[in-house]
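These are my notebook entries on a structure that I looked up chain by chain. I set down each cut-off where I first use it.

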Amino acid sequence: MGLKVKIDKISRKKIPGSSIIYIPSGKYLKFATFGYSSLLADLIYLWSIQYYSDYSVVDRFKYLDHIFSVIAELDHRYLDPYQIGALIALYEARDLDLALKILDRGLEKNPNQWIFPLEAGHYAQMAKKDYKLAQKYYKKAMEIKGAPPITKRLYANASFKLTDYKTAFETWQEIYKTTEEERIKKIASNHLFQVKAAIDIKTIFEAIEKFREIYDRNPVDLSQLVKAGLLDSLPKDLDGQDYHYDSKTGEVKTQTIPWKR
Amino acid sequence: MKIRAIAFNTFKEAIRDRILYLLLFFAAACIIFSRLLALLTVGDRVKIIMDVGLASLSLFGAMMAILMGTGLVYKEIDKKTIYTLLSKPIHRYQFLLGKYFGLILTLFIMLFFMSFIFLTLVFLHTFRIEWELLIAIFYIFVEVCLLTAVAMLFSCFSTPILSSIFSLSFYLIGHLSWGLENSIDKMKPGIAKTLTQILYAFIPDLENFNFKTEVVHHLPIPSEIFLFSVLYGIFYSLFLLFLAILVFRKRDFI
């Protein structure tokens, strides 16, 4: 007993993260599990959680993809590791591409799981502001049965950010028509207001630009654009109100803020 | 009647074996330990409990079958009690079948206890009885029955240590044979492929009784596979018992 305590007190040199070298490829590891591949996947996943909580292993992210690919190989239906692996890749390793790679793998092996493209879209939108990529992932998620209604809303929002107003308007319109929740109807209505305003303001701006080219000044009011033949008629916002125009700055905006309608 | 009497006595003898309770204790400890292991995870805790629980049932069930099955016939020969038994008007096949069914009854009761602990633990987490788990447990039992037949076959002509090694090898090969199937798919047609196919047909495929992953992930299992896996288990066990009877009949007891 005394000897044990004595031995425990002696500090020994350890190589942080050295255990990683013992994990072979999942393809070969599966042969060695003798029917317990699911259990081994659990154990490696539990170990990986501890491993990635150890900040003394400086280069721990070097093997992130390898570890989570081994788990996927052993039990490809185990969904938690894909999500946690991607989370670690994004927030700890600051590697969005790796996070997306892990989530793509999850989707490839579980094509009926909408959570992977939904998370990938969210990551692409939040971490990279890559709305094109986000739109692509949200579209994938939407096409999977059981995807939550928020997926469509995120898709519409990403389309709006991409200035793909047509898709954004159509999607918000569909959400407005199909939802039974008053709250969602209100959200969709506000977004429709916002998208329509963006389309209209863009059209008005283009007309103002042309007016400036011809007359070398800003129009006094928007009706001059119609008189000059640059617009067929003055567009109104979704609530039927005129757009507010500042002739000094040439700025056009809605009279009400979409979220305060 | 004679088989039943031998089976009943084998059962009474087996439940007195300390190794059985030792394995049962470790199995129960592993199942309960899964609760602690589940605390370490991020995400689905029940999945960890189910995986560890089913693996414990399968592993300790197999160990019980191998460790007890290999000593079953050998002990009778070693202690010379076989002379008394075979001097009675019983056939050797009756003796073997009695021993086999006695051990199967013992293993059934042990699996029942382990399953009870396991299902209770799962129930305490999900607050519902996971009937699907019984499918995986049933096939673990079929696998254990087959392993008992293997252990018994080796026990008829070898020592317990060697029989245990042989049975364990059978268990490992049985769970690796799917690798051979993969190799066959990749092989070019020819003699080598035909020979490998013949080899594959003979070696056991214990993965046919492995429904652990499907059950844990609530995946649909084709109904034909239920029937064919049970039939495969029964016929393979009968074949092994037949071999064991052949070997045992040829043996001389001096």
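This is a predicted model: local features need pLDDT of at least 70, side-chain atom pairs count only at pLDDT 80 or more; totals for chains, interfaces and linings use all residues.

Entry 1, burial. I count a residue as buried if 20 or more other C-beta atoms lie within 10 Å of its own, as exposed if 12 or fewer do, and as partly exposed in between, with C-beta atoms placed from the backbone. On that basis, 34% of the 261 residues of chain A are buried. In chain B, buried residues make up 41% of 254.

Residues are numbered from 1 along each chain as its sequence is written, while chains are lettered from A and ligands numbered from 1 in the order in which they are written.

I took helices (H or I, at least four residues) and strands (E, at least two) as DSSP runs, numbered from the N terminus. Chain A has twelve helices and two strands, and the order from the N terminus is α-α-α-α-α-α-α-α-α-α-α-α-β-β. Its radius of gyration is 28 Å, well over the 18 Å of the globule rule for 261 residues, so chain A is more spread out than a compact globule. The radius is taken over C-alpha atoms, and the rule is 2.2 Å times the number of residues to the power 0.38. The C-alpha atoms of chain A fill a box of roughly 95 × 40 × 30 Å along the principal axes.

I found ten helices and zero strands in chain B. The radius of gyration of chain B is 20 Å, close to the 18 Å that the rule gives for 254 residues, so chain B is as compact as a globular protein of that length. Its C-alpha box is roughly 65 × 55 × 30 Å along the principal axes.

I looked up α5 (residues 80-91) and α7 (residues 115-127) of chain A, which pack at about 10° with axes 11 Å apart. Axes are lines fitted to C-alpha atoms, for helices over the stretch in contact, and angles run from 0 to 180 degrees between N-to-C directions. The angle makes α5(A) roughly parallel to α7(A), a term for angles under 35 degrees. Contact means C-beta atoms, placed from the backbone, within 7 Å. Tyr82(A), Gln83(A), Ala86(A) and Leu90(A) of α5(A) meet Phe116(A), Glu119(A), Tyr123(A) and Ala127(A) of α7(A).

I find 21 residues of chain B in contact with 14 residues of chain A. On the chain B side, α3 (45-78), α7 (160-186) and α9 (212-216) each supply at least two residues.

I treat a nonpolar core as a set of buried Ala, Val, Leu, Ile, Met, Phe, Trp, Tyr and Cys residues joined through C-beta atoms within 7 Å. Of the 118 residues in the largest such core, Ile71(A) and Met152(B) touch the most other members. The largest share, 18 residues, comes from α3(B). A second, separate core of eight residues includes Ile204(A), Ala207(A), Leu225(A) and Leu231(A).

Asp17(B) lies in the loop between α1 (2-14) and α2 (18-39) of chain B. I find 16 C-beta neighbours inside 10 Å, so Asp17(B) counts as partly exposed.

Terms used. Two residues are in contact if their C-beta atoms, placed from the backbone, lie within 7 Å. Angles under 35 degrees count as roughly parallel, over 145 as roughly antiparallel, 65 to 115 as roughly perpendicular and the rest as oblique.
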